[in-house]
Amino acid sequence: MPRGPAPAWRARKEPVVDDYVLASVSQAGGKHHPVTGHYARLVIKGLASREEAEEWRRALYRCAHYLTRAGIADVGMSAAIKRDGGRGYLIEYHAVDKTLARQHVMTKYGPDRSKWPYDPRRKGRGTSE
């Protein structure tokens with residue numbers, strides 16, 4: 001007997017922007033900058049409100065996390081919301097090589113996780129709120 005669909009709590013939250021994250025990697029030819037670990041910088045334009053831009057930014061981070069956990073691409077995300085000349089908002093983003101990102105955190109903040117701005121293993125969403 002066939003199984004039913006996956007439970008709703010396992011569904012990925014929209015918008016799913018895996019293609020946007022992977023586009024940053026492919027635009028750079030699959031090679032990151034040897035020092036910074038950054039792949040190609042891309043822009044998402046035409047976002048009407050700050051709230052919409054925040055949701056798209058969160059989606060970029062969620063999808064980068066998913067791609068890493070699924071073993072598709074070992075990347076992090078860097079994204080900044082900016083005004084688009086008074087017509088709305090845009091997001092400048094780029095994928096980041098996870099190994100060099102971890103190395104940067106260790107160099108800048110040291111091995112003490114309590115001094116990190118974000119600790120993915122900390123309870124309570126990993127932030128230092």
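The turns below cover a predicted model, from its sheet to its helices and core.

User: What is the strand order of the open sheet?

Analyst: The sheet has three strands, and the pairing is antiparallel. E1 and E2 are the edge strands, each pairing on one side only. From one strand to the next, the twist averages 25°. The order is E1-E3-E2.

User: How many bridges join E2 to E3?

Analyst: These two strands form a hairpin, with five residues between them. In the turn, Gly85 has a positive phi of about 60°. E2 and E3 run antiparallel, and the bridges joining them number nine.

User: Which residue is the bridge partner of Ile81?

Analyst: E2 spans 75-83 and E3 spans 89-97. The partner of Ile81 lies in E3. That partner is Ile91.

User: What angle does the direction of H2 make with that of E2?

Analyst: H2 covers residues 50-69. H2 packs on the sheet and touches E1, E2 and E3. The angle between the directions of H2 and E2 is about 170°.

User: Within what arc do the buried residues of H1 fall?

Analyst: H1 runs over residues 18-27, and its buried residues are Asp18, Val21, Ser24 and Val25. Viewed down the axis of H1, they line one face of the helix, because they fall within an arc of 130°.

User: Which residues are exposed on the other side of H1?

Analyst: One face of H1 is lined by its buried residues. Their cover includes strand E1, helix H2, strand E2 and strand E3. On the other side, the exposed residues are Asp19, Ser26 and Gln27.

User: Is Ser24 buried or exposed?

Analyst: Ser24 sits in helix H1. Leaving out residues up to four places away in sequence, Ser24 touches Tyr39, Ala40, Leu42, Tyr93, His94 and Ala95. Its relative accessible area is 0%, and the cut-off for burial is under 20%. Ser24 is therefore buried.

User: At what distance does the side chain of Ser24 reach the backbone nitrogen of Ala95?

Analyst: Ala95 is among the residues that Ser24 touches. A polar contact needs N or O atoms within 3.5 Å. The side chain of Ser24 reaches the backbone nitrogen of Ala95 at 3.1 Å.

User: Which residue follows H1 with a positive phi?

Analyst: Most residues other than glycine have a negative phi. After H1 comes a residue with a phi near 75°. That residue is Gly29.

User: Which element gives the largest share of the largest nonpolar core?

Analyst: This core has 22 residues, and Val21, Leu60, Val75, Ile91 and Tyr93 touch the most other members. H1, E1, H2, E2 and E3 each supply at least two residues. The largest share, six residues, comes from H2.

Key
Residues are numbered from 1 along each chain as its sequence is written. This is a predicted model: local features need pLDDT of at least 70, side-chain atom pairs count only at pLDDT 80 or more; totals for chains, interfaces and linings use all residues. Side-chain values use heavy atoms; hydrogens and water are left out. Buried means under 20% relative accessible area, exposed over 50%, partly exposed in between (1.4 Å probe, protein chains only). Helices (H or I, at least four residues) and strands (E, at least two) are DSSP runs, numbered from the N terminus. The arc is that of the directions from the helix axis to the C-beta atoms. Contact means heavy atoms within 4.5 Å. Two strands pair if DSSP finds at least two bridges between them. A polar contact is a pair of N or O atoms within 3.5 Å; within protein, one must be able to donate a hydrogen and the other to accept it, and residues adjacent in sequence count only if both atoms are side-chain atoms. Axes are lines fitted to C-alpha atoms, for helices over the stretch in contact, and angles run from 0 to 180 degrees between N-to-C directions. A nonpolar core is a set of buried Ala, Val, Leu, Ile, Met, Phe, Trp, Tyr and Cys residues joined through side-chain atoms within 4.5 Å.
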